[in-house]
Amino acid sequence: MNVIFRTLLILLKARRRPRVSPWESTEITLRALPTDVDMLMHINNGQYFSLFDLGRYDLMARSGLWKATRQRGWHPVVQAEQVTFRKSVNFWTKFQIFSKIIGIDDRCFYIEHRVVVDGEIYVRAFVAGRFIGEAGPVSNEDILQMAQEIGHPAPADFEVSEELQRWRRESALPAARRPAPHTGF
């Protein structure tokens with residue numbers, strides 16, 4: 001909820017920004033606001049995930065994926081995320097978030113996000129996500145078909161590394177329809 005106004009602003013700005021292919025890297029520029037920082041006056045580690053949402057919204061809106069998926073009743077969900085921090089982004093610092101869909105596996109799309117300050121990478125994250133429709137998860141084949149229909153055929157070599165696929169598989173919890181009892185630590 002703390003980025004709702006930024007989300008609306010990103011979606012409004014996306015209408016006036018150049019159209020892109022969903023397979024291209026996109027960039028948004030932000031500033032570290034008081035709602036982003038913690039007591040140490042740098043962006044809180046948990047806040048980055050909300051800021052990465054903004055990068056994905058921009059990418060989806062500018063590529064036409066947002067409109068096409070909403071027309072089909074699909075919505076994106078994140079299955080897994082991993083982030084690595086290199087340097088802190090301090091209060092009021094201007095920074096860019098670069099976002100790019102880097103490939104797929106049998107279940108998910110993978111997106112890389114980079115937080116860049118003055119041309120230098122401060123934070124990098126990988127996100128594995130899916131689309132969900134009324135009948136449950138949407139197949140990647142259906143998503144790639146939709147992208148092709150709106151003029152964006154997927155690149156020929158669009159698989160992610162085995163390392164990223166292994167990370168997602170090994171960190172995954174059981175499917176939502178299967179039990180996942182908590183038995184303590």
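In the predicted model, the mean positions of the 25 positive and 21 negative charges of the chain are separated by 6 Å; Lys and Arg are taken as positive and Asp and Glu as negative, with His and the chain ends not counted, and each charge is placed at NZ of Lys, CZ of Arg, CG of Asp or CD of Glu. Because the model is predicted, local features require pLDDT of at least 70 and side-chain atom pairs pLDDT 80 or more, whereas totals for chains, interfaces and linings use all residues. Residues are numbered from 1 along each chain as its sequence is written, and side-chain values use heavy atoms, without hydrogens and water.

The chain comprises five helices and six strands, assigned as DSSP runs (H or I, at least four residues; E, at least two) and numbered from the N terminus. Their order from the N terminus is α-β-α-α-β-β-β-β-β-α-α. Of the 185 residues, 42% are buried (under 20% relative accessible area, 1.4 Å probe, protein chains only). Among contacts (heavy atoms within 4.5 Å) with a separation of 6 or more, 74% join residues 24 or more positions apart.

His113 is located in strand β4, which covers residues 109-117, and is buried, with a relative accessible area of 0%. Beyond neighbours within four places in sequence, His113 contacts Phe52, Arg56, Ile97, Phe98, Ser99, Val123, Arg124, Ala125 and Val127. With Arg56, the His113 side chain forms a side-chain polar contact of 2.9 Å (N or O atoms within 3.5 Å, one able to donate a hydrogen and the other to accept it; residues adjacent in sequence count only if both atoms are side-chain atoms). The C-alpha atoms of His113 and Val83, 30 residues apart in sequence, lie 9.1 Å apart.

Definitions and conventions. Buried < 20%, exposed > 50% of the residue type's maximum accessible area, 1.4 Å probe, protein only.
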